[in-house]
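Please read the following note with the model open beside you. The points go from the whole chain to two single residues.

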Amino acid sequence: QVQLVESGGGLVQPGGSLRLSCAASGRTFSNDRIGWFRQAPGKEREFVAAIRWSGSSTSYADSVKGRFTISRDNAKNTVYLQMNSLKPEDTAVYYCAADLYGSLARWAYWGQGTQVTVSS
């Protein structure tokens with residue numbers, strides 16, 4: 001059973017930085033993707049970024065391009081989301097999710113989420 005555990009959220013001032021971590025377990029990841037999503041109060045959950053476990057393929061939402069960077073450490077089975085130049089509108093609960101290669105269900109596994117608050 002795939003398990004995902006996020007960490008690294010917190011309170012940061014506008015223009016600041018945070019790095020989120022997603023520790024993945026329960027599977028030998030290969031062509032799978034790990035993604036970050038976020039949900040602000042009263043809004044729909046939205047895609048932020050994703051990375052394929054093998055290779056260098058990444059994707060980003062337009063709203064975070066140039067500010068956020070997704071990366072992985074295969075040895076630690078961990079995916080990171082480096083967030084720079086944070087804005088108040090980045091405030092949300094951030095979730096990591098797994099999209100398993102060959103599975104009919106997209107983004108079937110989710111972590112519990114970590115709160116990011118950008119405020120002065």
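1. A contact, as the word is used in this note, means heavy atoms within 4.5 Å. With that in mind, residues 24 or more positions apart account for 53% of the contacts in the protein chain with a separation of 6 or more.

2. A word on the source: this is a predicted model, in which local features need pLDDT of at least 70 and side-chain atom pairs count only at pLDDT 80 or more, while totals for chains, interfaces and linings use all residues. Residues are numbered from 1 along each chain as its sequence is written, and side-chain values use heavy atoms, with hydrogens and water left out.

3. The protein chain has zero helices and 11 strands, where helices (H or I, at least four residues) and strands (E, at least two) are DSSP runs numbered from the N terminus. The radius of gyration of the protein chain, taken over C-alpha atoms, is 14 Å, close to the 14 Å that the globule rule gives for 120 residues, so the chain is as compact as a globular protein of that length; the rule itself is 2.2 Å times the number of residues to the power 0.38. Along its principal axes, the C-alpha trace spans about 45 × 25 × 25 Å.

4. Of the 120 residues, 41% count as buried, a term that means under 20% relative accessible area, with exposed meaning over 50% and partly exposed lying in between (1.4 Å probe, protein chains only).

5. Not counting residues up to four places away in sequence, Thr114 touches Glu6, Ser7, Gly8, Gly9, Leu20, Ala92, Val93 and Tyr94. Thr114 and Ser21 are 93 residues apart in sequence, and their C-alpha atoms are 9.6 Å apart in space.

6. Leu86 sits in the loop between strand E8 (78-83) and strand E9 (92-99), and it counts as buried because its relative accessibility is 2%. Leaving aside neighbours within four places in sequence, Leu86 is in contact with several residues, among them Val12, Pro14, Leu18, Phe68 and Val118. The C-alpha atoms of Leu86 and Gly42, which are 44 residues apart along the chain, are separated by 20 Å.
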